[in-house]
Amino acid sequence: MIDIQKLEKQDFGEIIFKPYMKDYTTYKVGGMAEAMVFPKSVESLIGLLTYLKKEKIRYKVVGNGSNLIFSDSGFDGVIIKLDEFTHLNISGNQITVGAGYNLMRLSIKLSRSGYRNLEFASGIPGTLGGAIYMNAGAYQSDMGYIVKSAKLLTPDLEIKTFFNHDLNFHYRTSFLKEHEGYICLEATLELPFGDAKESMELIAERKKRRVESQPLSYPSAGSVFRNPKDIPAWKLVELAGFKGRKIGGAQVSEKHANFIINVDGATAADIRKLIDEIKESVKEKYNVLLKEEQEFVK
Ligand SMILES: Cc1cc2nc3c(=O)[nH]c(=O)nc-3n(C[C@H](O)[C@H](O)[C@H](O)COP(=O)(O)OP(=O)(O)OC[C@H]3O[C@@H](n4cnc5c(N)ncnc54)[C@H](O)[C@@H]3O)c2cc1C
């Protein structure tokens, strides 16, 4: 149990007690956490982590919660949100930005200012930190193509600069995902100059495509499964007969079979069950083991 008064006294930043994770995730599922803290600065974050480690309190960093499924029974620890880490410094081709910065907003802001190569991110509803962790991407591009370096807080609470090759970006994974306990504080992107009008047209065209092909009016966390090497995940889900399948309030989208949508007050358990059934059926019918892109948090 967390001593709420003790935590409050430390003044690490704003605290919300007993937040429901369904209010902080794009799937709109998940029970209560003990507390959510918004550190004011890197020093506050280090202070908070020192405190949590000493008191042996669990914690989880959450960006925009657009790739997470929190359990219905909640999280018995502290959620750390880096919403205050939104500084943005532009110097020629180098853009240094805080981990809490909204990726869609950044993409549109920089594209409109005449920078190229961040157009792919205009439909990804995460934060910069979450996008680096996941190596978020689309249209044959991802964060690995544009991140020059990132400042990480190590599990020993030291601040270290990691360059692109250290970050080990691969399809929907990175050093951060592979090494527990590291926190991204900020990153420097390197973007070439381009033509603002062209970039904005590309963004508009892709937005149109997304709206046409993805169920964006329902809560979801984007693609459920990683794409196997030879066949897209949506095709396997569709072939296995799951398009439109519903468990409780969760449904495999009719529009895009690699999306599960929360159509009617879904629980995390509904989503878990649907995912497990799909995996079992696809394995049995096609001998392919689908892997989740989304992360379950207990
Ligand atoms: C409608 C929709 C469309 C989507 N389209 C795409 C797409 O085209 N391409 C794509 O790749 N993804 C897509 N996604 C998935 C999601 O937006 C991305 O995975 C995104 O990068 C997650 O960022 P986040 O800030 O929401 O991270 P969260 O979901 O909050 O967290 C994800 C993981 O990152 C960790 N994390 C977050 N911030 C930090 C940090 N600062 N330091 C260390 N670890 C951190 C968390 O602990 C967690 O393990 C989509 C999602 C939705 C809802």
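A residue is called buried here if 20 or more other C-beta atoms lie within 10 Å of its own, exposed if 12 or fewer do, and partly exposed in between, with C-beta atoms placed from the backbone. By that criterion, 42% of the 298 residues of the protein chain count as buried. The model is a predicted one, in which local features need pLDDT of at least 70 and side-chain atom pairs count only at pLDDT 80 or more, whereas totals for chains, interfaces and linings use all residues. Residues are numbered from 1 along each chain as its sequence is written.

The protein chain has nine helices and 16 strands, these being DSSP runs numbered from the N terminus (helices H or I, at least four residues; strands E, at least two). Its radius of gyration is 20 Å, close to the 19 Å that the globule rule gives for 298 residues, so the chain is as compact as a globular protein of that length; the radius is taken over C-alpha atoms, and the rule is 2.2 Å times the number of residues to the power 0.38.

Around the ligand there are 33 residues, of which Gly 63, Gly 126, Gly 129, Gly 130 and Gly 222 come nearest, a residue being near if its C-beta atom, placed from the backbone, lies within 6 Å. The elements that give two or more residues to this shell are β3 (59-62), α4 (128-134), β8 (137-138) and β12 (183-190), and α4 gives the most, with five residues. Domain 1 (4-81) and domain 2 (88-212) both contribute to the shell, so the ligand lies between them; the domain bounds come from an automatic or database domain assignment.

The largest nonpolar core has 82 residues, and those with the most contacts inside it are Leu 128, Ala 131, Ile 132, Cys 184 and Ile 271. Such a core is a set of buried Ala, Val, Leu, Ile, Met, Phe, Trp, Tyr and Cys residues joined through C-beta atoms within 7 Å. Helix α9 (residues 268-286) supplies the largest share of this core, six residues.

Most residues other than glycine have a negative phi.
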